[in-house]
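This report sets out selected local features of the structure shown below, beginning with a helix pair and continuing with individual residues.

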Amino acid sequence: MSALSERPANPVVGETVPHESAALHVTGRALYTDDLVARTRDLLHGYPVQAPHAHARVTRLDTAPALAVPGVVRVLTAEDVPGVNDAGIKHDEPLFPSEVMYFGHAVCWVLGETLEAARLGALAVEVDYEPLPSVVTVREAIEAGSFQGAQPTMERGDVEAGLARAEHVFSGEFEFAGQEHFYLETHASIAQVDENGQVFVQSSTQHPTETQDIVAHVLGLHAHEVTVQCLRMGGGFGGKEMQPHGYAAVAALGATLTGRPVRVRLNRTQDITMTGKRHGFHATWRVGFDAEGRLQALDATLTSDGGWSLDLSEPVLARALCHIDNAYWIPDVRVNGRISKTNKTSQTAFRGFGGPQGMLVLEDILGRCAPLLGIDPADLRRRNFYTEGQATPYGQPVRHPDRAVAAWDQVVQTGDVDSRRREIAAFNAAHQHTKRALAITPVKFGISFNLTAFNQAGALVHVYKDGSVLINHGGTEMGQGLHTKMLQVAATTLGVPLHFVRLAPTRTDKVPNTSATAASSGADLNGGAVKNACEQIRERLAQVAGGRLGVPPADVRFEGGRVRGLAHDTDEIRWADLVTQAYFQRVQLWAAGFYRTEGLHWDSTVFRGEPFKYFAYGVAAAEVEVDGFTGAYRTRRVDIVHDVGDSLSPLVDLGQIEGGFVQGAGWLTLEDLRWDESDRPTRGRLATQAASTYKLPSFSEMPEEFNVALLEKAHEEGAVYGSKAVGEPPLMLAFSVREALRQAAAAFGPPGTSVDLASPATPEAVFWAVEQARARAAEHGHVAEGFPGMVPPQPNGDVPRYHPRSERPPAEQHALSAEV
């Protein structure tokens, strides 16, 4: 067992403790960035001037009328930028654009004494536009050849040979939507400048260092002249990894020019219309199975909806390609990827970071093909699992594939799946207009940043003379419990009670050059750094304790706030007394810790390597009931077994699993982003701008019975205290709900019915899937009481096309071109 993963006796990690800020959250005393407004004197408020076109050239910008509005102090434009007029890392995101790239794009910002003054000033700004042709949908982008960024290919084996030897070959098309983050706290920044010109920015950001970098280059400053702090976030989900930088830069620019603190906080409508979302995708595919239903080959092209700029679209696409296999072995694979450029918000990171999109493509393929193969969907999935010794299409060995099997078997057993499926069959036979179904799906998710350089972290730990401990690390807290885990890691490493340890807000002048709190790696990276810093201090204190106890330093043990020798009959020293003694002996009582994930390598030019430290596994079984008249449904029961290694904080991990699952179910079944695709002047406008039109999961969508268990005996060697990441992988467990809905809809038809189910699978989409099944029933002479004359839409190209051996065209006629 490695030193990093080994746990001491009676560790604080693994204890069930509440979130470190839980009491503050529920009493309203937790401070978020915008709460600092009341504590900041002479503050100015920023308000954007948003363009009413999806694509247009700014021909005239007159700010004089705004300056005549009472309370307006200044209008920020491109001419005010002393550095680089760009808010992105790819230099393709002008902070003050001369060409509007999406409906709602901010062309300038008004600063006012009050928010209302700034709003009125924004209305007074006069802007003339020259409308330009726009591309709104992925299909339009494909037809127009509107792409941006790299177009990678992941390939293993000979796909054409694999398809040729397959007993069954299917082809199809699939398009699915993105997702709005809808964090409770919208984007917010407060910037001020001190007497020495030091810029201090309070920002709701997942990536303080990158916010610091962007603010510095907009202002023409060096990084050491800008400090960024993140108190905590009211949700992030990836939406605050790249997107906060421009708003922080606007606030910092305003503060620099006016000498007064400036606040930029988006209201909900602004946040939804101005910030990026999860990438929607379009996929075309061919897949081959042998006679037993084992996957033989997959040939696919994935096209993501990148929006108007690259943002993080390239790594999102890379992770989608790397996760298209999910938990399944496919001997021959070729997957092409490309990023469409559309006149929408710049789509960005979202929990799972492309992994869910890639995995959804194959899960949809299996769900659609299983009935056509005459194989139960659960059996089809289970027989295609990875086994020991196999590797992913990009060449990484799949370690611990038995954990997916163990989780699957545990769900089947504890969820009483077999007997419930018999009950469901009996229910469906007795109910013509209501059907139930149970689906079970796995998850295999790689943990680490694809870009190897990001897999590093730092921490600063102080031990004060009275024995109290203060830690600071590079990760940010957005409700996910990272700070709670770091407190437990520090307490365990130092051998002190949890209440001895306190945590300071994340700041770039305390821990520099941090990576984003993303990729589910926050606890792995920062936990390793915190542990390293604490170990340095503990080793120094062991020298002092050894001299006092008369034992070798290696035999000193720290536990529960007391220090003793290895033998239990030795004297004990109170932690606080030892720290005081060390201080008087002039022993250093603070340390800077560092951690880098070992064993990673990745070549993005050939899409080969081992980019992930390990894989997290999970399995979910979901049971749903569908009303055949309306498509309305309810989730009756969900059973989950998830692999988090040896949990650092079980209560936090359970909350992450539950929350991730529900958020995934929202993406797949409820949350329907709609842009105006017409040729009207409002083309490109986001129609779903509020919770009234964009449906989020609520209590009514929660499973009526929700059982979550952590996989036991799942120690992860080489990770901090044997734990595994938990932030993103549970989101994909929600595939089980979507597949259950598909099976329930198909139950309205004869056996072997394959239905096309749109994503999100809203009640409307489920209704049309039910109508497909009823149409099949009518074709086969079964009773099908639906709605005669209603023609369902075919958003995904109907059921998969089957290509029997005798009718298969030459292989070259099937090849999917990146130009299609």
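**Packing of helix 14 and helix 15**

A crossing of two helices is called right-handed if the near helix is turned clockwise from the far one by less than a right angle, and left-handed if it is turned anticlockwise. In this predicted model, the crossing of helix 14 and helix 15 is right-handed.

On the helix 14 side, the contact is formed by Leu482, Lys485, Met486, Val489, Ala490, Thr493 and Leu494. Their counterparts in helix 15 are Gly522, Ala523, Asn526, Gly527, Val530, Lys531, Cys534, Glu535, Ile537 and Arg538.

Glutamate 140 belongs to helix 4, which spans residues 138-144. Its relative accessibility is 24%, so glutamate 140 counts as partly exposed. Leaving aside residues up to four places away in sequence, glutamate 140 touches Ser134, Val135 and Arg683. Cysteine 322 lies 182 residues from glutamate 140 along the chain, and the C-alpha atoms of the two are separated by 26 Å.

Serine 171 is part of strand 9, residues 168-176. With a relative accessible area of 7%, serine 171 is buried. The side chain of serine 171 makes a polar contact of 2.7 Å with the side chain of histidine 803. When residues up to four places away in sequence are not counted, serine 171 touches Trp285, Arg286, Pro800, Arg801 and His803.

**Backbone geometry**

Most residues other than glycine have a negative phi, and most peptide bonds are trans. Asparagine 10 has a positive phi, near 50°. Asparagine 10 is placed in the segment before helix 1 (22-27), and its relative accessible area of 58% makes it exposed. Phenylalanine 182 also has a positive phi, of about 50°, although it is not a glycine. This phenylalanine 182 is found in the loop between strand 9 and strand 10 (188-193); at 15% relative accessible area, phenylalanine 182 is buried.

Which residues are joined by a cis peptide bond with omega about 10°? They are serine 759 and proline 760. Proline 760 sits in the loop between helix 18 (735-746) and helix 19 (763-779).

Notes. Residues numbered from 1 in each chain as written. Predicted model: local features only at pLDDT ≥ 70, side-chain atom pairs only at ≥ 80, totals over all residues. Heavy atoms only, no water. Helix = DSSP H or I, 4+ residues; strand = E, 2+ residues; numbered from the N terminus. Contact = heavy atoms within 4.5 Å. Buried < 20%, exposed > 50% of the residue type's maximum accessible area, 1.4 Å probe, protein only. Polar contact = N/O pair within 3.5 Å; in protein donor to acceptor, adjacent residues only side chain to side chain.
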